Amino acid sequence: MAVPVASKCLGSLSLLSRRLSAPEFTTRCCYHKKVVDHYENPRNVGTLDKNSRNVGTGLVGAPACGDVMKLQIQVDDQGKIVDARFKTFGCGSAIASSSLATEWVKGKSVDEALTIRNTDIAKELCLPPVKLHCSMLAEDAIKAALADYRLKQQDGQQEAVSASS
Amino acid sequence: MLSAKPFRAACSSWAVLMWTNRLCISKVCMSTSFSIKDTWHCNRNVRSLLKARGLTCNTNQSSTLWNNCSGRSKVSCWSCKQPLDQTPAFFCVSCKVVQPPEEGTSYFKIMACDYTFTLDTQQLQKKYLQLQRLLHPDNFSQKSVTEQQYSESQSALVNKAYTTLLKPLSRGLYMLELEGMHIKEGTESAHSAFFMELMEINEALDEAQTPEEANKIGQDTKGKLAELTEQIDTALRKGELQNAQALLIQMKYFANIEEKVKEKLCHFM
């Protein structure tokens with residue numbers, strides 16, 4: 001009896017529309033309003049001159065989700081971060097994390113900026129557990145930018161030393 | 001008192017059988033010219049050999065594929081109790097009743113595909129439709145609750161297997177998972193030249209003013225993905241799993257760009 005019913009049901013591909021997905025836990029796809037705010041009104045999107053001695057560039061990627069993030073800082077002669085820019089290609093949480101990161105590093109010294117933790121970013125944006133890696137990406141981008149800046153300063157100092165000798 | 005002779009005779013026949021099989025296995029392994037890392041092809045040949053002889057695989061492999069190819073304990077039909085001889089067994093051979101999915105069965109087995117990275121997606125789709133014609137819950141609306149539940153599970157699993165095997169990226173990542181390799185959550189900053197290239201492509205796409213510009217980026221990305229597909233196939237054939245993983249990660253980034261190209265082109269419409 002099932003066979004005639006089956007053959008009626010299975011006329012075409014379109015009838016296989018009642019597709020079932022494997023029983024998996026699916027989170028509610030809902031961004032917090034702070035994330036939406038940063039996504040729709042991102043702060044400090046843009047680029048600084050990566051060749052400048054006072055600019056540190058951090059370029060990081062997240063292999064699990066394929067997000068890429070660039071964060072740049074401009075530091076004055078007193079070691080204070082006076083400007084920051086970012087460009088992120090990824091999900092809303094990644095964009096929001098990097099946007100917030102650029103807001104936070106401005107006005108901090110290079111040592112103070114090192115203390116910014118992904119947990120602080122995640123807490124501020126109310127990121128769900130599944131998006132915590134986005135805040136980690138932002139923290140690593142800050143660190144990479146600071147490391148690049150330090151390297152440039154060290155190279156500069158070495159040049160000055162060899163020039164004077 | 002029982003005579004020890006038959007026991008000794010049985011033992012010695014068993015020893016001969018084991019010895020013969022060990023020779024055959026080592027012969028198979030040598031003929032596939034595998035290195036210590038090349039478990040993949042060896043798995044396949046040894047697996048079929050052992051299955052043919054009904055032997056279990058003694059191995060430390062965490063791969064579920066090993067578990068499935070071994071002479072596993074016999075599973076019986078939940079309804080008529082007859083043994084289910086096939087893997088996977090969607091229906092009982094005796095009473096034709098739908099069976100629950102067996103845990104740990106590889107998607108390759110479910111879709112009756114060879115365990116290779118290169119796959120005929122048309123054949124895959126044919127198999128998918130064939131299976132859903134049999135397993136879809138719409139066929140079981142007049143059946144018992146148990147059968148309806150089993151058909152739902154089977155149908156969902158076939159969907160999952162199909163969608164995973166359809167795309168090279170998910171297929172490759174799944175193959176690595178079967179070999180016990182997972183991409184860790186984390187960040188990487190080592191390959192800055194690669195990331196700079198990615199940023200440039202993403203920025204160019206973002207700034208594209210016309211569909212033609214977006215299409216050009218899309219074509220270049222497709223080319224890059226095709227190149228990576230070949231490289232991943234080579235790496236997996238050689239059993240170079242770390243290399244395959246690194247290439248699949250690159251593929252992930254380019255696959256994201258491909259998605260963005262589609263979104264951009266929709267935006268132009």
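Which residue takes a positive phi in the hairpin of E2(A) and E3(A)?

**View 1. The hairpin of E2(A) and E3(A) in the predicted model.** Gly79(A) is the residue with a positive phi, near 80°, in this hairpin, where 5 residues lie between the strands. Strand E2 (residues 67-75) of chain A and E3(A) run antiparallel and are joined by 8 bridges, and the bridge partner of Val75(A) in E3(A) is Ile81(A). Strand E3 (residues 81-89) of chain A is mostly covered, with 7 of its 9 residues buried.

**View 2. The largest pocket, with a volume of about 670 Å³.** Among the 21 residues that line this pocket, Phe89(A), Gly90(A), Ile95(A), Asp206(B) and Lys260(B) are the closest to its centre. Two or more lining residues come from each of E3 and helix H3 (92-105) of chain A, and likewise from helix H8 (192-207) and helix H10 (241-268) of chain B. H10(B) gives the most to the lining, with 5 residues, and the lining as a whole divides into 8 nonpolar, 5 polar and 8 charged residues.

**View 3. Helix H9 (residues 211-237) of chain B and the residue Gly239(B) that follows.** The helix has 27 residues and reaches 38 Å from its first C-alpha to its last, which is close to the 39 Å expected at 1.5 Å a residue. Buried residues of H9(B) include Ala214(B), Ile217(B), Gly218(B), Thr221(B), Leu225(B), Leu228(B) and Ile232(B). In an α-helix there are 3.6 residues a turn, so residues three or four places apart point the same way. Asp233(B), Ala235(B) and Leu236(B) are also buried in H9(B), and after the helix comes Gly239(B), whose phi is positive, near 75°.

How values were computed. Residues are numbered from 1 along each chain as its sequence is written. Chains are lettered from A and ligands numbered from 1 in the order in which they are written. This is a predicted model: local features need pLDDT of at least 70, side-chain atom pairs count only at pLDDT 80 or more; totals for chains, interfaces and linings use all residues. Side-chain values use heavy atoms; hydrogens and water are left out. Helices (H or I, at least four residues) and strands (E, at least two) are DSSP runs, numbered from the N terminus. The expected span of a helix is 1.5 Å times one less than its number of residues. Buried means under 20% relative accessible area, exposed over 50%, partly exposed in between (1.4 Å probe, protein chains only). Two strands pair if DSSP finds at least two bridges between them. On a 1 Å grid over the protein atoms alone, a cavity is a set of points where a 1.4 Å probe fits but cannot get out, and a pocket is an open set with protein on both sides within 12 Å along at least five of seven lines; lining residues have an atom within 4 Å of a point. Grid points are joined across faces, edges and corners, and a volume is the space filled by probe spheres set on the points. Ala, Val, Leu, Ile, Met, Phe, Trp, Tyr, Cys and Pro count as nonpolar, Asp, Glu, Lys and Arg as charged, and the others, Gly among them, as polar.
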